Amino acid sequence: MAASAEKGRRRRNVTSYCDWMSQLPPELHSIPLFHLAIPGSHDSMSYDLDINSSIVEPDRLKRLSRIYCVRKIVRKWAVTQEDTITKQLDAGVRYFDLRIARKPDDANPTRLYFYHGLYTRTDVETVLKVINDWAVRHPREILILDLSNFKGFDKKIEGRLHSHLTNFIKTLFGAKLFLKWNIPTLERCWNQGKNVIVSYDYPPAQQAGLWSKITYFYGQSMDLTKVESKLRQALERPGSIHSFFVCGLNLTLPEDVRILKYILRLCDNLVNVIQRSLPRLQQWVKEQAGKTPVNIIASDLVTRNDFVSMVVKLNISKHVKA
């Protein structure tokens, strides 16, 4: 019996987070992905922010875009990830928070970039091709791409930009796209040869089968106690879960004069603040997962502090308890 129990434990262990979904226990293959704990990255492309770009946000700093030290401060407090998309994928991240913008006066009318404070160096289509190449090499790993917060999509060109991007997405991912008409499970995705889910926050695009905006809960504060309290309240709301939802562990800088408390720290930056907060937030997640449903858990610095393994193990521990 001891040998049998040990064999069962080995079968439940994930040995490589690059392919962790295919290693989950068979009992989890047929449940909706809405009920799995899935590691995700917040502002996934912020590692690529371009110090030479103009300022996208906050609005009050846009007029100071020509001043290098201002752009440097913005970048210092906007970078939330350190590693490339490929490294995040290899580490086991399966949800990506992708915020899209068009640069004003870009000579290419349909070229788009990601942003968080500043624009990225790499354009959207190039990054999506990298993700597609990874998805081809890992057909049993399901990726969730959350495209939202579109900026620079002026009304005159908004429809054309969205049409161009959604057509590019459908052409690029093709048969790998799992559309919103069916409930996704690992088993269903594997059987149909589909491993990319795209959420697109523009209603007309959803008529083509792309998923609607994914609910993203976050604390909207730099105070860990407030972050935990707001997330707890959101997760404890009554009602069954019938779609994806995100529990965002990210910290949020104030939008008023209180921001000076942080950005004027000459020897500090957002990465350092996040690193100091991660152990407590991860412990909170482990405790909260035993009380309420969790689905996508998004974090900054996703390749640090064993974040991915912590989230994936929530699936195993729930399975064992069941």
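Tutor: Gladly. This is a predicted model, and the largest pocket in it has a volume of about 1200 Å³. Of the 41 residues in the lining of this pocket, Glu-57, His-116, Thr-252, Leu-253 and Glu-255 are the closest to its centre.

Student: What makes Glu-57 and His-116 lining residues of the largest pocket?

Tutor: A lining residue has an atom within 4 Å of a point of the pocket. Glu-57 and His-116 are among the 41 residues that line the largest pocket, so each has an atom within 4 Å of one of its points.

Student: Which element gives the largest share of that lining?

Tutor: Strand S5, with 4 residues. Among the other elements that supply at least two residues each are helix H2 (68–76) and strand S7 (215–218). By class, the lining has 21 nonpolar, 9 polar and 11 charged residues.

Student: How does the lining of the second largest pocket divide by class?

Tutor: Into 4 nonpolar, 3 polar and 6 charged residues. This pocket has a volume of about 270 Å³, and among the residues closest to its centre are Gln-220, Pro-254 and Arg-258. Why does Arg-258 count as charged? Arg belongs to the charged class, together with Asp, Glu and Lys.

Student: And what makes a space a cavity and not a pocket?

Tutor: In a cavity a 1.4 Å probe fits but cannot get out, whereas a pocket is open. The search of the whole structure finds 1 cavity of 30 Å³ or more. The largest cavity has a volume of about 60 Å³, so it passes that 30 Å³ cut-off, and as a cavity it is a space the probe cannot leave. Its lining includes Asp-43, Met-45, Arg-99 and His-116, and strands S2 (95–101) and S3 (113–116) each give two or more residues to it.

Student: What makes Leu-147 a contact of Leu-165?

Tutor: Contact means heavy atoms within 4.5 Å. Leu-147 is listed among the contacts of Leu-165, as are Ile-100, Phe-150 and Tyr-200, so each has a heavy atom within 4.5 Å of one in Leu-165.

Notes
Residues numbered from 1 in each chain as written. Predicted model: local features only at pLDDT ≥ 70, side-chain atom pairs only at ≥ 80, totals over all residues. Heavy atoms only, no water. 1 Å grid on protein atoms, 1.4 Å probe; cavity = no way out; pocket = protein on both sides within 12 Å on 5 of 7 lines; lining within 4 Å. Points joined across faces, edges and corners; volume = space filled by probe spheres on them. Lists of a residue's contacts leave out its neighbours within four places in sequence.
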